[in-house]
Amino acid sequence: MSNEQIKGSSIPDRRNGSIARIIASWEFLLLGVAILIFFLNVQASPYFLDPWNLSDATFNFTEKAMIAFAMAMVIIAGEIDLSVASIIALVSTCMGFAVQLGADTTTLIIVALVVGALCGAFNGFLVAGLGLPSIVVTIGTLSLFRGIAYIILGDKAYSGYPTDFAYFGQGYVWWVITFEMVLFVVLAIMFYVLLHRTSFGRSVYAIGNNPTAALFSGIRVPRVKFILFVLTGVLSAIAAICLTSRLGSTRPSIAVGWELEIVTMVVLGGVSILGGSGKILGVAIAAVVMGMVTFGLGLLNVPGIVMSIFVGLLLIGVIALPILLRRFRARLVTSTGR
Amino acid sequence: MSKQHPQKQDAILSLDAIIKDFPGVRALSEVSLQLYPGSVTALIGENGAGKSTVVKILTGIYQPDGGQIVIDGTPTRLATPHRAAQLGITAIHQETVLFDDLSVAENIFIGHAPKTRWGLVDWSAMNANAQSLLDRIGAPISPKARLRDLGIANKHLVAIARALSIDARVVIMDEPTAALSHKEIQELYLLVEQLKADGKAILFISHKFDEIFQIADYFTVFRDGQPAGEGLISDTNSSALVEMMVGRSVDGVFPPRANELGETIMRVEGYSHPTEFDDISFSLKRGEILGFYGLVGAGRSECMHALFGITRPSAGTMVINNKTVVPTSPADAIAHGLVYVPEDRGGQGAITALPIVDNIALASLTSTSNKGFVKMAKEYALAREYTQRLELKAAALDQNVSELSGGNQQKVVIAKWLATRPAVIILDEPTKGIDIGSKAAVHAFMRELAAQGLAVIMVSSEIPEIIGMSDRIIVMREGRRVAQVSGEVVTPEILVKAAAGIDEANAA
C-alpha cells in the first residue's frame, strides 16, 4: 500500500494532476490524430480547405455518428446491436411505402420513428426479456429486417418523396452549416448529458462493468438494456430519415455494411468493446476522424477497397494501442516499484 | 488403526514453514504439513484458515513466498500446475474442475491421451483404458458418457479415475463429500481405503468431524493461516480439534454487545426453495445482530438471496416494518429497507473498475439525482459522509475501487448500502479474506449500526466472529434451520456439532 493514503476522515474528492490525466486521456490523443489528419489532408489536396468541400465531407460521418452515440451506450452496457443498418433499410422502405400511399413529411417522420422504435423494442425484448446474447440476436435481426425490406420492395426503388422532406439530408441551416451537422452536434450534447449526467447513464456504466453487482445494487438491469435497444432503434430511424432525404430514394440495399463502420467509430472513440468504459466526446471526435480520413482519401482518388484496408488497419491499431500502452505502463509501475 | 507416530523422513511430500502473502494479508505464516504413503492426512481449519491456499500451492497454482516444498527428500519447486501433475500430485476439488462438454474418457486422459503412431488421439485405446480405470474403482459410468450428464458423485469418481490415470502419488481431496448423499459418501470412503492400499498419500480437507474420524490417520490444523496443531487422529477427539480450530481467544477481541433491543422489525415465516432451503423462519429486532452459521452449502447465502429478491422463494412470507412483502427484485427489497452485502465482493458487491464515489452512490441514485440528472455534489457529500464513518483509507474519492485493499473494498460496499438508509442489513461473510485491522473496524462498525437501531443479519462461517458478534445464532444444515442459540450461552462446540450434524451420543 502506498504512503500517500490518508486517514479516512480527510479523503479528498479528487486526485491531483487532473491536467496530466486529460493529456493522457484517449480523447486528447484522438484530438491530436484529428488535427494531424486535417493537416495531412491540407497538404495532400488543394481542394480540401474549400468550405463547401468541407461541408460536403461532413456527410461522411454525420448519419453514422448519430447511431454511433446510441451504439456507444449499448456497447458500454456490455451488449452490441449489429442490426442498425438493417433498421435503416426497413425504416426507409416503410417511409417509401407510406409515400406511395400519399403520406406527407410529418407522417413520414412518425412512420420512421415508430418503425425504428419497434425494431429496437424487438431486439430489446429478445436480449433483455429473454436473456439471449445480443450478438446472436442482432445478427439474426440484421438479416430479418433487411429481408422484410426486400420482400416489400423487391429490386425496385421508391422515390417521389415530398419536396420539403429533402431538407433533412440536403438543407443548410446557415451558410455551409448543414442540418445534419447541427443535428449531429445537438445529439452529441444530448447523449453526453444522458450518459455522463443522469442516473440512467450511471446505471449503464455499472451494468457494463459488472451486471451482477449492478443487479445487486438495485438497478433494473433488463429495463435499462431494453431502453438502450429502443433508443438505438430510434436513432437508426433518425439516421434513416436523413439518409433517405439526402439520397431522395430508397433501395433495399441502402446503408449496407454500416453496422461495422459504426462499431469501428465507437471503438475508435475509446469505448471498450468489452463494455464498461468510454465517453461520448471520444465517439464524436472519432466520427470526425473517420469522416476526414474517408474524405481525404477520396480527394486523392484512392479506390474504395484501399480505403477499407486503411479503416481496417486503423481499427486494429486502435484496439491494440491501449492494451499495449497499459502493459507498458504496468511494466513501468512494477519496475519503479511505485 | 495401527498407525505409528509419523517420522518426517517417511513423508512423500512435506511443506516446511511455507509463507504466502496476498496484498495486505498474510494467508499462510510458516505452516508445515506432511503427507505419508498409504495414509490419509486431514487438513482442518475454519474458512479462511488457509486450506485452499495450501491446495493451490501443492498444485502449482500459487508460488510460496517463503519456506520449501520437499518431495521424496528433495526440495522442489512446483512452478506450474503441469509440473505438479508430472510429479504425481492431483486434486479433486469441491466443485470438481473438469470439462462438462467432453466425454468421461477425455476428461480422464486430457493432457496425456494415448496417441496412435500418426500422432492422433487413439480413441479406442483411450476408451478401453478409461473403462478399466472406472472398473477398478467400481464406477458404473460409461467412458463415452458426456460429463455434463453425470451427477456430482459420479463426477468425483471421474476425477479419481483421472488421478489414477496419471499415476498420482499424492491425491488432494478438497471437501469431496460436500455435495454427496450418505450412500455416495460411504462409497467414497471405500475408494479412499483402496487408494490407501495402493500406497497413495491422501490429503483430505473436510469440515465434517465424523468423516475425519472415520477415514483419516493424521491431522493438521490451521488457524488464521498459522499452524495450530497436528498429530495422530487416534490420539485426539472432536472437542480438542474444535479448540485448536477456533483457539481460546474468542472473548475479548470483539466489541461488547448492545444492551437493549428494540421492537421486532422483520419477521420471516416458512421461506422455502425447491432445492436450496426449506421452511426458514425467524424474527429480528431493531438493534439486534442475528448470526447465521453453517457449513459451506448449508443454504445460508441462497436463503439471503431469496430474501433480497434475487431468487424467488417457492413459499413463505416476510414482514418488514409491518408490511408484508415478497421482493421480486433487489430494487424492490431496497425500497422496503432491506439491503444485502454479498459474500463475493469483487463479483457481486463492488464495481471495481468504477470510482469509490460512483460505487457508493450506485444504490442511492434516486436520492442523489434530481429528475434523473445526477447531482455530483450530492454524490460526493454522500461518499464523504460514509467513508468517514467507516474510516476508509484511500487517496481520493475518485480513485477506482480496484486500487484499494480487500478490507477497504468491503468498506466501500458497506458504505454503498448504508447510504440507502436501510432498516435491515444482511452481511454475507463480511470479513472474509480481509486483514485483521479491517476486520476489527467492520466489527466495531456493525455494533455501532446495531446501537443506532439497525437490524443486522450476519452470515458467517468464522466461529469466533459469529460467537463474538451475534446476539442470537441460527444454525443451518442442508437447507434447514437446525438450531437457534442465544449469543450468551453459545460455545464453539454447540455450533460445530449442530452444523456438522454430530449428535451428542457419538461425539467423542
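## Basis of the model

The model is predicted; local features need pLDDT of at least 70, side-chain atom pairs count only at pLDDT 80 or more, and totals for chains, interfaces and linings use all residues. Residues are numbered from 1 along each chain as its sequence is written, while chains are lettered from A and ligands numbered from 1 in the order in which they are written.

## Overall form of chain B

Chain B contains 17 helices and 22 strands (DSSP runs numbered from the N terminus: H or I of at least four residues for helices, E of at least two for strands). Along the principal axes, the C-alpha atoms of chain B fill a box of roughly 75 × 55 × 45 Å.

Of the 508 residues in chain B, 49% are buried (20 or more other C-beta atoms within 10 Å of the residue's own, with C-beta atoms placed from the backbone).

## Helices of chain A

Helix α4 (residues 62-76) and helix α9 (residues 179-197) of chain A pack at about 10 degrees, with their axes 9 Å apart (axes are lines fitted to C-alpha atoms over the stretch in contact, and angles run from 0 to 180 degrees between N-to-C directions). α4(A) is therefore roughly parallel to α9(A) (an angle under 35 degrees). The contact between α4(A) and α9(A) comprises 11 nonpolar, 1 polar and 2 charged residues (Ala, Val, Leu, Ile, Met, Phe, Trp, Tyr, Cys and Pro count as nonpolar, Asp, Glu, Lys and Arg as charged, and the others, Gly among them, as polar).

Helix α10 (residues 199-209) of chain A is largely enclosed by the rest of the structure, because 11 of its 11 residues are buried. Among them are F200(A), R202(A) and Y205(A).

## Contact between the chains

On the side of chain B, 37 residues are in contact with 28 residues of chain A (C-beta atoms, placed from the backbone, within 7 Å). Elements of chain B that each supply at least two residues to this side include α10 (330-335), α12 (356-362) and α13 (376-389). The residues of chain B that touch chain A divide into 21 nonpolar, 11 polar and 5 charged.

Technical notes. Two residues are in contact if their C-beta atoms, placed from the backbone, lie within 7 Å. A residue is buried if 20 or more other C-beta atoms lie within 10 Å of its own, exposed if 12 or fewer, and partly exposed in between; C-beta atoms are placed from the backbone. Angles under 35 degrees count as roughly parallel, over 145 as roughly antiparallel, 65 to 115 as roughly perpendicular and the rest as oblique.
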